Amino acid sequence: QVQLVESGGGLVQAGDSLRLSCVVSGRALGSPTMAWFRQAPGKERAFVAALTWSSTHTYYADSVKGRFIVSRDNVKITMYLQMKSLKAEDTAVYYCAATWRGGGLRSEWGDYDYWGQGTQVTVSS
């Protein structure tokens with residue numbers, strides 16, 4: 001039984017930084033591919049960043065390249081999203097996701113089997 005628990009969301013001003021965390025428990029065998037998605041009001045869920053746990057290969061949406069960094073801690077079993085130079089358009093509910101299907105990096109929400117509860121990030125301008 002896999003559980004993903006997110007934290008770190010909040011209200012910040014444009015230009016500020018914020019770090020989101022996703023703690024993994026009840027892990028399946030092998031290493032997952034994990035990702036961050038976000039959903040703004042009135043919009044579809046959008047891919048943000050993905051990471052392969054074992055090799056730490058990463059992939060980013062164009063809208064966040066150079067500003068966001070996805071990483072993981074193999075001791076704490078936690079994935080992070082370090083967000084810098086935040087913009088008003090980054091405002092959304094951010095979701096952590098994981099899959100043990102294999103196949104490397106994935107960027108579509110339907111490819112992921114486990115999800116966190118979501119954490120709200122609000123960036124004021």
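Reader: Before anything else, what do buried, exposed and partly exposed mean here in terms of relative accessible area?
Author: Buried means under 20% relative accessible area and exposed means over 50%, with partly exposed in between. The model is a predicted one, which should be kept in mind throughout.

Reader: OK, then how does Arg-101 count, buried or exposed or partly exposed?
Author: Arg-101 counts as partly exposed, because its relative accessibility is 46%, and that value falls between the 20% and 50% limits.

Reader: And which residue does Arg-101 form a salt bridge with?
Author: Its partner is Asp-113, and the closest N and O atoms of the two are 2.6 Å apart.

Reader: How many salt bridges does the structure hold?
Author: There are five salt bridges. One of them brings together the side chains of Asp-62 and Lys-65, at 3.2 Å from N to O; here Asp-62 is exposed, at 65% relative accessible area, while Lys-65 is partly exposed, at 48%.

Reader: What about Arg-38 and Asp-90, buried or exposed?
Author: Both of these residues are buried, and their side chains meet in a salt bridge of 2.9 Å, N to O. The pair links distant parts of the chain, since Arg-38 belongs to strand S4 (residues 33-39) whereas Asp-90 sits in the loop between S8 and strand S9 (92-99), 52 residues apart. Arg-67 comes in as well, as Arg-38, Arg-67 and Asp-90 are linked in a network of salt bridges.

Reader: Why does Asp-90 count as buried? And what else does it contact?
Author: Asp-90 has a relative accessible area of 0%, so it counts as buried, the cut-off being under 20%. Leaving aside neighbours within four places in sequence, Asp-90 is in contact with Arg-38, Arg-67, Phe-68, Ser-85, Val-121 and Val-123. Its side chain also has a polar atom 2.8 Å from the backbone nitrogen of Lys-87.

Reader: Switching to strands, in what order do the four strands of the open sheet come?
Author: The order is S1-S3-S8-S7, and the pairing is antiparallel. Strand S1 (3-7) and strand S7 (68-73) are the edge strands, each of which pairs on one side only. From one strand to the next, the twist averages 20°.

Reader: How many bridges join S7 to S8?
Author: Six bridges join S7 to strand S8 (residues 78-83), with the two strands running antiparallel. Within this pairing, Phe-68 stands opposite Met-83 in S8.

Reader: Where does Met-83 come into the largest nonpolar core, and how many residues does that core have?
Author: The core has 37 residues, and Met-83 is among those with the most contacts inside it, together with Met-34, Trp-36, Leu-81 and Tyr-94. At least two residues of this core come from each of strand S3 (18-25), S4, strand S5 (46-52), S7, S8, S9 and strand S11 (119-124).

Reader: Which residues does Leu-81 touch?
Author: Not counting residues up to four places away in sequence, Leu-81 touches Leu-18, Arg-19, Leu-20, Trp-36, Val-48, Ala-49, Phe-68, Ile-69, Val-70 and Tyr-94.

Technical notes
Residues are numbered from 1 along each chain as its sequence is written. This is a predicted model: local features need pLDDT of at least 70, side-chain atom pairs count only at pLDDT 80 or more; totals for chains, interfaces and linings use all residues. Side-chain values use heavy atoms; hydrogens and water are left out. Two strands pair if DSSP finds at least two bridges between them. Axes are lines fitted to C-alpha atoms, for helices over the stretch in contact, and angles run from 0 to 180 degrees between N-to-C directions. A salt bridge is a side-chain nitrogen of Lys or Arg within 4 Å of a carboxyl oxygen of Asp or Glu. Buried means under 20% relative accessible area, exposed over 50%, partly exposed in between (1.4 Å probe, protein chains only). A polar contact is a pair of N or O atoms within 3.5 Å; within protein, one must be able to donate a hydrogen and the other to accept it, and residues adjacent in sequence count only if both atoms are side-chain atoms. Contact means heavy atoms within 4.5 Å. A nonpolar core is a set of buried Ala, Val, Leu, Ile, Met, Phe, Trp, Tyr and Cys residues joined through side-chain atoms within 4.5 Å.
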